[in-house]
Amino acid sequence: MYPIQTIRNQFPILAQRVHNNPLVYFDNAATTQKPQCVIDAIVDSYTRTNANIHRGIHTLSQRSTDLYEQARARVQTFINAPHSREIIFTKGVTESLNLLAWSFGEKFIYEGDEIIVSAMEHHSNLVPWQMLCERKRATLRFIPFFKNGELDMETCKTLFNERTKLLSIAHVSNSLGTVNPLKEIIDMAHAHNVPVCVDGAQSIQHTAIDVQSLDCDFFAFSGHKIYAPTGIGVLWGKEQWLNELPPYQGGGGMIKTVSLAHTEYNELPFRFEAGTTNYVGAHALGVALEYVQSIGLAKIEQHENELLNCATQRLQEIDAVHIIGNARHKAGAISFIVDGAHPADVGMILDKKGIAIRTGTHCTEPVMQFYNISTTARISFGMYNTLDEVNFFADTLQKVVKMF
Ligand code: PMP
């Protein structure tokens, strides 16, 4: 049995009412709510251990450093990375991908080189590569996708050539919910000696990640999508790649020695963690990952799939509702539009019933352009959502549709 009530009790925010209705939080792809243990970890850090890390010999600084490095080790086990020094703490996926685009670009990208992304990427896995291509006069190439939201893998095969230097791809699309065939893409890229970066923003919370069996070269995720605070995230990279990359930012912590004339950089992972990091956030991320592990991602995945299947079926039963993205393998999120109603109006009416959904482009404007729509409404699930909530949402949406 999935311990749904025990889980819900851990998330104090869920107990509240919104517009006098129980809160139904279906905006988990944007950010997740935090369990009490994560909230406690933050309060406890500032109450008992707070001190800057790595640069102090006093007790609090050592405690704080220990918590930070324990969190790194927790991330390592969570994604099965070979070494904890391959775990770089960042602000989140956006910073992880900007770091990679800058550092990888600086070292390996020359005029005429090519980088591959898909046409369904979140802006944060698109714009940094566009910026890099502009800077280096390189070319960005796109894996197209079909109307059903699945990547066109036949065309993908044709995109590689001797100028291809990197492929960066979302594991799960945040606007379509598509789970991309990661292993197939990685094997294909490696057959052409092309390294692969995975945007794990929408997969880390839904399915177990093993970077060694995936054999990707880089993997990025954000803490706030997996029940940890905002402002903390991870870039994992294979050590042999990270050792080749120049630092992204200069400052304290990333150096070994500095003179006015010259700086020697620190070793991994510190070389990429300039300045005072979000060490409290990192500790809380470690606690969040421990919490997720205590429930088990396999169980969470099964539960969320039930929610997804039920919601898909209920939405398909409403004639005026059209799901955008009908890939065979989906996770976490469903986008939809309603005939004759603007998604923002649908969202506002649902909010009056306590149901929090997201409406907009979901930072995937090219996806909206592909379907020739301006925005969608999107529901997305977390480990604490229930079938009752899905049914309440669908019943309410049915009434909303009649209003239009
Ligand atoms: N990629 C995907 C697929 C996402 O869903 C998101 C967050 N919406 C991001 C990247 C960016 O994550 P963050 O804003 O936490 O940096």
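Mentor: What follows is a set of questions about a sheet, some single residues and the cavities of this predicted model.

Trainee: What makes valine 321 a buried residue?
Mentor: Its relative accessible area is 7%. Buried means under 20%, so valine 321 counts as buried.

Trainee: Where is valine 321 found, and what does valine 321 touch?
Mentor: Valine 321 is in strand β13. Leaving out residues up to four places away in sequence, it touches Leu315, Phe336, Ile337, Val338, Leu397 and Val401. Leucine 397 is 76 residues from valine 321 along the chain, yet their C-alpha atoms are separated by 9.2 Å.

Trainee: Which sheet does β13 belong to, and why is β13 called an edge strand?
Mentor: The sheet is an open one of four strands, in the order β13-β14-β17-β16, with antiparallel pairing. β13 (321–324) and β16 (358–360) each pair on one side only, so they are the edge strands. On average, neighbouring strands of this sheet are turned by 35° against each other, direction ignored.

Trainee: How do you know that β16 and β17 pair?
Mentor: Three bridges join β16 to β17 (residues 376–380). Pairing takes at least two bridges, so these two strands pair. They run antiparallel, and arginine 358 stands opposite arginine 378 in β17.

Trainee: Which helices lie on this sheet?
Mentor: Helix α11 (residues 297–316) lies across β13, β14 (333–338) and β17, at about 10° to β14. Helix α14 (residues 387–403) packs on the sheet and touches β13, β14 and β17. The direction of α14 makes about 15° with that of β14.

Trainee: Is glutamate 239 buried or exposed, and why?
Mentor: Glutamate 239 has a relative accessible area of 18%. The cut-off for buried is under 20%, so glutamate 239 is buried. This residue lies in helix α9 (residues 239–242). Its contacts, not counting residues up to four places away in sequence, are His83, Arg85, Glu86 and Leu268.

Trainee: What makes the peptide bond from leucine 268 to proline 269 cis?
Mentor: Its omega is near 0°. Proline 269 lies in the loop between β12 (263–265) and α10. Most peptide bonds are trans.

Trainee: Why is cysteine 363 called partly exposed?
Mentor: Its relative accessibility is 36%. Partly exposed covers what lies between buried, under 20%, and exposed, over 50%, so cysteine 363 is partly exposed. Cysteine 363 is in the loop between β16 and α13 (365–371). Its phi is near 55°, a positive value in a residue other than glycine.

Trainee: What is the phi of tyrosine 227, and is tyrosine 227 buried or exposed?
Mentor: Phi of tyrosine 227 is near 70°, a positive value in a residue other than glycine. Its relative accessible area is 1%, and buried means under 20%, so tyrosine 227 is buried.

Trainee: How many cavities are there of 30 Å³ or more?
Mentor: The count comes to two.

Trainee: Which helices supply the lining of the largest cavity?
Mentor: α2 (36–49), α3 (59–79) and α10 (279–295) each supply at least two residues. α10 gives the most, with three. By class, the lining has three nonpolar, five polar and no charged residues.

Technical notes:
Residues numbered from 1 in each chain as written. Predicted model: local features only at pLDDT ≥ 70, side-chain atom pairs only at ≥ 80, totals over all residues. Heavy atoms only, no water. Axes fitted to C-alpha atoms, helices over the stretch in contact; angles between N-to-C directions. Contact = heavy atoms within 4.5 Å. Buried < 20%, exposed > 50% of the residue type's maximum accessible area, 1.4 Å probe, protein only. 1 Å grid on protein atoms, 1.4 Å probe; cavity = no way out; pocket = protein on both sides within 12 Å on 5 of 7 lines; lining within 4 Å. Points joined across faces, edges and corners; volume = space filled by probe spheres on them. Nonpolar A, V, L, I, M, F, W, Y, C, P; charged D, E, K, R; others polar.
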